[in-house]
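Hi,

Here is the structure I promised to pass on.

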Amino acid sequence: MYAQMVDTGLKQVAEATGMSPEESAFQARVDADVKVEPKDWMPEAYRRTLVRQIQQHAHSEIVGMLPEGNWVTRAPSLKRKAILMAKIQDEGGHGLYLYSAAETLGVSRDNLIDDLHAGRSKYSSIFNYPTLNWADIGAIGWLVDGAAIMNQIPLCRCSYGPYARAMVRICKEESFHQRQGFDIMLAMCRGTPEQKAMAQDSLDRWWWPSLMMFGPSDAESVHSAQSMRWKIKLLSNDELRQRFVDQTVPQAEFLGLRVPDPELRWNDERGHYDVGTIDWKEFQDVLRGHGPCNRDRIRTRTKAWEDGEWVREAAVAHARKRAERAARAAA
């Protein structure tokens with residue numbers, strides 16, 4: 001998921017007996033599925049949790065532009081270039097929607113971005129893997145955006161109104177991104193033997209990192225339990241991962257590709273696929289900054305931010321002049 005291992009700041013799930021009257025009223029509102037809006041009273045831990053989750057989600061959208069941007073000039077046709085550019089533009093827009101949602105919680109966008117550049121906040125581990133060939137662009141759309149959609153659709157019903165409303169449009173656009181990726185994989189699999197082998201190689205490299213996107217099992221996690229109590233999070237990591245596997249394995253079979261998991265089996269009793277053991281050490285290493293592209297991603301984002309400073313300053317100056325002209329005209 002795009003918000004992995006978000007810390008609520010609480011050591012245990014808040015119980016009704018220990019809540020203040022304000023907290024009890026707040027929880028009752030959440031339980032009744034009444035959206036929380038920016039001017040409503042909310043527990044400080046709820047606000048902090050939302051800030052952490054939304055900023056991690058926003059950072060993931062922005063950093064997620066980099067692996068694909070590397071292939072715009074090398075896409076195999078003008079049509080593919082145009083589609084990929086449109087997708088990257090969408091991802092940038094998603095980041096802006098989410099930064100705006102975070103700002104309604106009283107935080108500065110500049111501070112959120114400073115946290116990213118300084119390594120104080122995370123983004124999804126998946127974007128620290130390299131795109132080695134064109135089939136990787138297909139795998140990102142099919143697998144990574146497919147996993148994102150699985151996580152994001154429930155967020156359209158999360159308890160915080162600005163976040164939920166931002167997710168409605170994001171999910172509509174992400175659905176096109178997933179189809180774009182699958183279309184690339186389908187074209188590769190119906191092409192030459194070399195192209196199909198390239199598609200298989202991409203699936204081999206992106207399958208396990210895609211499963212890691214949902215984060216470790218949260219059955220014992222107090223942070224996930226509290227986020228679910230507040231309806232910031234609606235489904236557990238394991239539930240979301242299982243849905244993704246059940247949806248994606250038949251798609252791989254349709255493509256004629258082999259999922260790189262020798263333990264993958266359909267379980268008639270459960271009505272779901274069983275999967276092998278995920279290498280959580282790799283996941284933790286990547287989150288700690290030791291993935292293949294961690295340093296490069298942050299270095300690239302920081303340089304882009306610094307190079308764009310004059311654009312931001314010009315936009316602020318232009319807005320100030322327009323406001324001054326409007327004020328003079330109204331006087």
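Let me start with Trp207: leaving aside neighbours within four places in sequence, Trp207 is in contact (heavy atoms within 4.5 Å) with Leu143, Phe244, Val245, Thr248, Val249, Val259, Pro260 and Asp261.

A word on the source: this is a predicted model, where local features need pLDDT of at least 70 and side-chain atom pairs count only at pLDDT 80 or more, while totals for chains, interfaces and linings use all residues. Residues are numbered from 1 along each chain as its sequence is written, and side-chain values use heavy atoms, with hydrogens and water left out.

Back to the tryptophan. Trp207 and Trp142 touch the most other members of the largest nonpolar core, which has 53 residues. Such a core is a set of buried Ala, Val, Leu, Ile, Met, Phe, Trp, Tyr and Cys residues joined through side-chain atoms within 4.5 Å; buried means under 20% relative accessible area, exposed over 50% and partly exposed in between, using a 1.4 Å probe and protein chains only. At least two residues of this core come from each of the helices H4 (78-103), H6 (134-155), H7 (161-189), H8 (193-212), H10 (237-255) and H11 (280-290). Helices here are DSSP runs (H or I, at least four residues), numbered from the N terminus. H6 gives the most, with ten residues. A second, separate core has 28 residues, including Val36, Ile62, Ala101 and Ala164.

Helix H5 (residues 109-118) is worth a look too. Its residues Leu112, Ile113, Leu116 and His117 are buried. Seen down the helix axis, the buried residues of H5 fall within an arc of 135 degrees (taken from the directions from the axis to the C-beta atoms), so they line one face of the helix. Among what covers them are H2 (44-63), H4 and H12 (294-307). Just after H5, Gly119 takes a positive phi of about 80 degrees.

H12 also packs against H13 (residues 309-330), at an angle of about 40 degrees and with the axes 4 Å apart. Trp305, Glu306 and Asp307 in H12 meet Glu309, Trp310 and Arg312 in H13.

Finally, Asp31 sits in helix H1 (residues 21-31) and is partly exposed, with a relative accessible area of 45%. Not counting residues up to four places away in sequence, Asp31 touches Arg229 and Lys231.

Best wishes

How values were computed. Axes are lines fitted to C-alpha atoms, for helices over the stretch in contact, and angles run from 0 to 180 degrees between N-to-C directions.
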